[in-house]
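Please keep the sequence and the model in view while reading.

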Amino acid sequence: MPNVQLNLVGLSKNDYRGAPTTLCAGCGHNSISNQIIAAAYELNVVPEEMIKLSGIGCSSKSPAYFLNRSFGFNSLHGRMPSVATGAMFGDHRMRALAVSGDGDTTNIGMGQFKHIMRRNVPMVYIVENNGVYGLTKGQFSATAEKGLRLKYQGLNPFTPVDVVEEAMASGATFVARSFAGDANQVKALIKAALSHNGLAVLDIISPCVTFNNEDDSRHSYGWGREHQEPLHDFTFVPREQEIQLDEFPEGTTKTVTMHDGATIVLKKIDRDYDPTNRSAAMRLMEDARNEAVLLTGLVYVEPNQPSLTDVADLPSDRALNRMTEADLRPDKQLIDVANAMMF
């Protein structure tokens, strides 16, 4: 294939695509799918070594539009986390990426969302957050702001659920927020999340252009662009590739060539923010909500907490779903001991 750039595993970007989208033109979910494709390509992910999961809703159709060579499971409404937990126990050597919606996660799925956070299941959990049930024609979801008025629903009288604050309160070890219209930041955060050993939550405001795109809605393109305030200029560098840089001043940029020939632009942050301080991150998000700004970036990270599969001490060289009957069946002596304890 002339003029087609291949990554380190010999794949082109097209190898990471899926079926043509059937979502509305301009839907933020399509932008996110494009950045998942780009991130997986640039990280040299082998698609057959990835599991993609979802629940029910417009967002949960998204996995059909990327990584068509990966394993996939479209689960029941709000039940994706338990399916993902089982999948990662079945083969903990795989990478998992789940896409859910604000309704799928914070309405019917809130119970499962809280428990997958505290268990630190090693996976990327993207919430495509548009504040509305688009697939069923525009009802408010739990993340819709109080006082929002929609054409078909009237006035929302209830206070919203904040995905980021719920994730941190539940013990998540990687929490970030972004805006679908900020493609570079979305891609960098997805790359960092794919490299995290534990549960990585990305709450991405993803405007619904059909049912919730009035400029006074905090899930719209207009409001997001006007009120977005990045925490930092976030660019992800893969951990396994150590690159040493000469010192450069704060507030300036530096272009770095990676080992695979790609280039990234670094910028030293101006803002004094420590994303490893959970209490400070909680206060920061509360302040952002009170000030009506869309604060985006890596809000919190704890890189040293063991994941669920670490805690379970699963064998490093073999997955449970690859073990044979002989591997799993206890020997006769052990069965006799167990029977003696029972009878």
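## Charged pairs

Arg177 is buried, because its relative accessible area is 9% and buried means under 20%. The model in which this value was computed is a predicted one. The partner of Arg177 is Asp203, and the two side chains meet in a salt bridge with a distance of 2.8 Å from N to O. This pair links distant parts of the chain, since Arg177 belongs to strand β9 (residues 174–179) while Asp203 belongs to strand β10 (residues 199–205), 26 residues apart. Asp203 also counts as buried, with a relative accessibility of 1%.

Side chains of opposite charge can pair when their charged atoms come close. In this structure there are 12 salt bridges, and three of them are set out in the table below.

| Arg177 and Asp203 | 2.8 Å | Arg177 9%, Asp203 1% |

## Cysteines

How many disulfides does the structure hold? The count is 0. For Cys27, the closest cysteine sulfur is that of Cys24 at 6.4 Å, which is too far for a bond because a disulfide requires sulfur atoms within 2.5 Å. Cys27 is itself buried, with a relative accessible area of 10%. In the case of Cys58, the closest cysteine sulfur is found in Cys208, and the distance of 6.5 Å is again too far for a bond.

## Aromatic pairs

A pair of aromatic rings is described by the distance of the centres and the angle of the planes. The structure has 3 aromatic pairs. One of them is formed by Tyr16 and Tyr41, which are arranged edge-to-face with 6.0 Å from centre to centre and 75° between the planes. Because Tyr16 lies in the segment before α1 and Tyr41 in helix α1, the pair ties together parts that are 25 residues apart in sequence. Both Tyr16 and Tyr41 are buried.

Another aromatic pair joins Phe179 and Tyr221, again edge-to-face, with 6.1 Å from centre to centre and 75° between the planes. Phe179 is in strand β9 and Tyr221 is in helix α7 (residues 221–227), so that the pair links distant parts of the chain, 42 residues apart. Both Phe179 and Tyr221 are buried.

## Helix α2 and its surroundings

Which residues of α2 are buried? They are Met80, Pro81, Ala84, Thr85, Met88 and Gly90. The buried residues of α2 pack against β1, β3 (95–101), α4, β4 (123–129) and α9 (308–311).

With regard to α4, the axes of helix α2 (residues 80–90) and helix α4 (residues 110–119) come within 8 Å and cross at roughly 35°. On the side of α2 the contact is made by Met80, Pro81, Ser82, Ala84 and Thr85, and on the side of α4 by Gln112, Phe113 and Ile116. Sorted by class, this contact of α2 with α4 has 5 nonpolar residues, 3 polar residues and no charged residues.

## An exposed helix residue

Is Ala169 buried or exposed? At 56% relative accessibility, Ala169 counts as exposed, because exposed means over 50%. Although Ala169 and Arg118 are 51 residues apart along the chain, their C-alpha atoms are separated by 9.2 Å.

Definitions and conventions. Residues numbered from 1 in each chain as written. Predicted model: local features only at pLDDT ≥ 70, side-chain atom pairs only at ≥ 80, totals over all residues. Heavy atoms only, no water. Axes fitted to C-alpha atoms, helices over the stretch in contact; angles between N-to-C directions. Helix = DSSP H or I, 4+ residues; strand = E, 2+ residues; numbered from the N terminus. Contact = heavy atoms within 4.5 Å. Nonpolar A, V, L, I, M, F, W, Y, C, P; charged D, E, K, R; others polar. Salt bridge = Lys/Arg side-chain N within 4 Å of Asp/Glu carboxyl O. Buried < 20%, exposed > 50% of the residue type's maximum accessible area, 1.4 Å probe, protein only. Phe/Tyr/Trp six-rings, centres within 6.5 Å; stacked < 30°, edge-to-face > 60°.
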